[in-house]
Amino acid sequence: MNEGEADPRALRLLIAATPDAETVLPWLRTLAVLAGFLTVAILLVTLELLGRV
């Protein structure tokens with residue numbers, strides 16, 4: 001096997017270890033909601049600091 005070629009066994013293991021969409025979507029939704037809350041919090045702190053100037 002050349003250095004540039006991937007091991008077929010490793011690829012099969014990687015595909016087998018990849019979770020399906022039904023497992024991942026709730027986690028992505030949770031991360032999106034948390035990112036939204038963090039964005040709003042940063043925006044409010046920024047506006048508060050700009051209001052004090």
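**Salt bridges, exposure and overall form**

Analyst: In this predicted model, the side chains of Glu48 and Arg52 form a salt bridge, with an N to O distance of 3.2 Å.

User: What makes the contact of Glu48 and Arg52 a salt bridge?

Analyst: The rule asks for a side-chain nitrogen of Lys or Arg within 4 Å of a carboxyl oxygen of Asp or Glu; the N to O distance between Arg52 and Glu48 is 3.2 Å, and the pair therefore qualifies. By this rule the count comes to two salt bridges, and another pair that meets in this way is Arg9 and Asp7, at 3.5 Å, N to O.

User: Why is Arg52 called exposed, and why is Glu48 called partly exposed?

Analyst: Exposed means over 50% relative accessible area, and partly exposed lies between that value and the 20% under which a residue is buried. Arg52 has 65%, so it counts as exposed, whereas Glu48, at 44%, counts as partly exposed. The same cut-offs apply to the other pair: Arg9 is exposed because its relative accessibility is 56%, while Asp7, with 25%, is partly exposed.

User: How do you know which class Leu25 and Leu31 belong to?

Analyst: Leu25 lies in helix 2, which covers residues 21-51, and its relative accessibility of 42% makes it partly exposed. Leu31 is found in helix 2 as well, but its relative accessible area is 53%, so Leu31 is exposed.

User: What makes Leu25 and Leu31 part of a nonpolar patch?

Analyst: A patch takes residues with over 30% relative accessible area and no salt bridge, and nonpolar side chains are joined within 5 Å. The 42% of Leu25 and the 53% of Leu31 are over that cut-off. Together with Leu28, Val33, Leu34 and Phe37 they form a nonpolar surface patch with about 600 Å² of accessible area.

User: Where does UniProt list a transmembrane region, and how much of that span is helix?

Analyst: The unreviewed UniProt entry lists residues 27-50 under "transmembrane region"; in the model this span is 100% helix and 0% strand, and its end C-alpha atoms lie 34 Å apart.

User: Why is the chain called more spread out than a compact globule?

Analyst: The chain has two helices and zero strands. Its radius of gyration is 22 Å, well over the 10 Å that the globule rule gives for 53 residues, and the chain is therefore more spread out than a compact globule. Along its principal axes the C-alpha trace spans about 65 × 30 × 10 Å, and buried residues make up 0% of the chain.

Technical notes. Residues are numbered from 1 along each chain as its sequence is written. This is a predicted model: local features need pLDDT of at least 70, side-chain atom pairs count only at pLDDT 80 or more; totals for chains, interfaces and linings use all residues. Side-chain values use heavy atoms; hydrogens and water are left out. Helices (H or I, at least four residues) and strands (E, at least two) are DSSP runs, numbered from the N terminus. Buried means under 20% relative accessible area, exposed over 50%, partly exposed in between (1.4 Å probe, protein chains only). UniProt positions are given in the numbering used here, feature names are shortened, and annotations may be inferred rather than shown by experiment. Patches are made of residues with over 30% relative accessible area and no salt bridge: like charges are joined within 9 Å, nonpolar side chains (Val, Leu, Ile, Met, Phe, Trp, Tyr) within 5 Å. Accessible areas come from the Shrake-Rupley method with a 1.4 Å probe; for residues, only the protein chains shown count as cover. The radius of gyration is taken over C-alpha atoms; the globule rule is 2.2 Å times the number of residues to the power 0.38.
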